[in-house]
Amino acid sequence: MSKVLFTACPKGIGNLLADDNVVSDEVMFMQDFDFTSRQMNKHEPRYYFKEVNKESNPEYFDSSSGMINVIVLDSLPDECKPEHVYETNHLLYHTNDQKYYIGKYYDGKPSRRYKPSSMNCLRSMYYQIIGADLDKQSQKSSDFYGICESGTDRHKRIQYTITKMKDYGIDCEYMDVETYIKENNIENLTVESKEEFETKVYDSKRNIVFLCDGLLRYRGKLYVLEIKTESSYKWLDRSHVDDKHLYQAYTYSLELGVDDVLFFYENRDVCTKKPYILHVTDENRRFIEDRVSSCDSYVKQSIVPPIEDTVSNRICQYCDYRTMCKVDSKWENRTEVRILRNRYA
Ligand code: SF4
């Protein structure tokens, strides 16, 4: 029997093996597909370059949002000389043939900025900010990436339908997040990128970066829109906003100064939906501010935060720092708190 493992196949592995030792093309195809999907989603240290016409004032680019004309290399070529460092760690390079490139080095780890969806565990927030190593096995299967891609596609279609509501006489305005930020003079917020319906915003005061699904004025009231797609078995039991999405909503509310978040949960299998409005209080917003300050203070002192009682297995299940967390927890049992001075200096 072949030792090859691969993702679920409708025929079952037994039917795909030509004989005991030969792997059929069907099995090979499945493996090759899985491999390609993993490669495409691999997060490894890389250099990203984009040719620029003028060396002065070149356009920065975000390697995560669109890779058109972007050159990706594992290491910096010899003939490529760094010439100038711009903000946001972009570098201007020139080559022997006098071509100019704007480039950025990506170390394969999440950016050292807080994210609304990662606010559930203080310890994992800490690991992200210090740039801790991710679990070796954290590369997921092609099935996992497929679920994410289908979620992204569904977001766009739902957002598009919401923008069309007003064309059919419904009192619903899909607002531009950048315009809202400007009109409301929210000075600490900068729009980093904009896609069709989604806006990436950075808060320089709190070091929080977030993607906003949309801002709506529906029947005269302002809402942050948050779309979630989930499996049938979760969706069928859904009767309120998921506990693990609360801190995310509090963060959006804090950042944009909007009191209500409209969650729109869609069943991934049959596209049935359940909307829930969550009202966020001043206390909820203060909680997030305190959380970020608390994590900043742990980072400053190089102390790993304790695991909070509120962190459930459900949260740990999707965490990319489980290995490091286990190691630090062992140390924690020996000494009250482990001090990791200069570990990532
Ligand atoms: S494994 Fe759990 S407790 Fe540890 S950092 Fe991750 S989410 Fe937090």
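Angles under 35 degrees count as roughly parallel, over 145 as roughly antiparallel, 65 to 115 as roughly perpendicular and the rest as oblique. The model here is predicted, so local features need pLDDT of at least 70 and side-chain atom pairs pLDDT 80 or more, while totals for chains, interfaces and linings use all residues. Numbering starts from 1 along each chain as its sequence is written.

Q: How many helices and strands are there in the protein?
A: Let's start with the elements, which are DSSP runs numbered from the N terminus (helices are H or I, at least four residues; strands are E, at least two). The protein has 10 helices and 13 strands.

Q: How are α7 and α8 oriented to each other?
A: The axes of α7 and α8 are 9 Å apart and the angle is about 95 degrees (axes are fitted to C-alpha atoms, for helices over the stretch in contact, and angles between N-to-C directions run from 0 to 180 degrees). The two helices, α7 and α8, are therefore roughly perpendicular.

Q: Which residues of α8 make the contact with α7?
A: Contact means C-beta atoms, placed from the backbone, within 7 Å. On the α7 side are Tyr-247, Tyr-250, Thr-251, Ser-253 and Leu-254. The contact of α7 with α8 holds five nonpolar, three polar and two charged residues (Ala, Val, Leu, Ile, Met, Phe, Trp, Tyr, Cys and Pro are nonpolar; Asp, Glu, Lys and Arg charged; the others, Gly among them, polar). The α8 side consists of Asn-284, Arg-285, Phe-287, Ile-288 and Glu-289.

Q: How many of the 11 residues of helix α7 are buried?
A: A residue is buried with 20 or more other C-beta atoms within 10 Å of its own, exposed with 12 or fewer and partly exposed in between, with C-beta atoms placed from the backbone. Among the buried residues of α7 are Gln-248, Tyr-252 and Leu-256. Helix α7 (residues 246-256) is largely enclosed by the rest of the structure, because the number buried is nine.

Q: What is the handedness of the crossing of α3 and α8?
A: Helix α3 (residues 122-130) and helix α8 (residues 282-301) have axes that come within 10 Å and cross at roughly 55 degrees. The pair is therefore oblique. Handedness is left if the near helix is turned anticlockwise from the far one by less than a right angle, and right if clockwise. The crossing of α3 and α8 is right-handed.

Q: Which elements give two or more residues to the shell around the ligand?
A: Residues around the ligand (C-beta, placed from the backbone, within 6 Å) include Cys-121, Arg-123, Ser-124, Cys-316 and Arg-322. The elements asked for are α3, α9 (313-317) and α10 (322-334).

Q: Is Lys-140 buried or partly exposed?
A: Lys-140 sits in the loop between α3 and α4 (142-164). Its C-alpha is 8.7 Å from that of Asn-41, although they are 99 residues apart in sequence. With 14 other C-beta atoms within 10 Å, Lys-140 is partly exposed.

Definitions and conventions. Contact = placed C-beta atoms within 7 Å.
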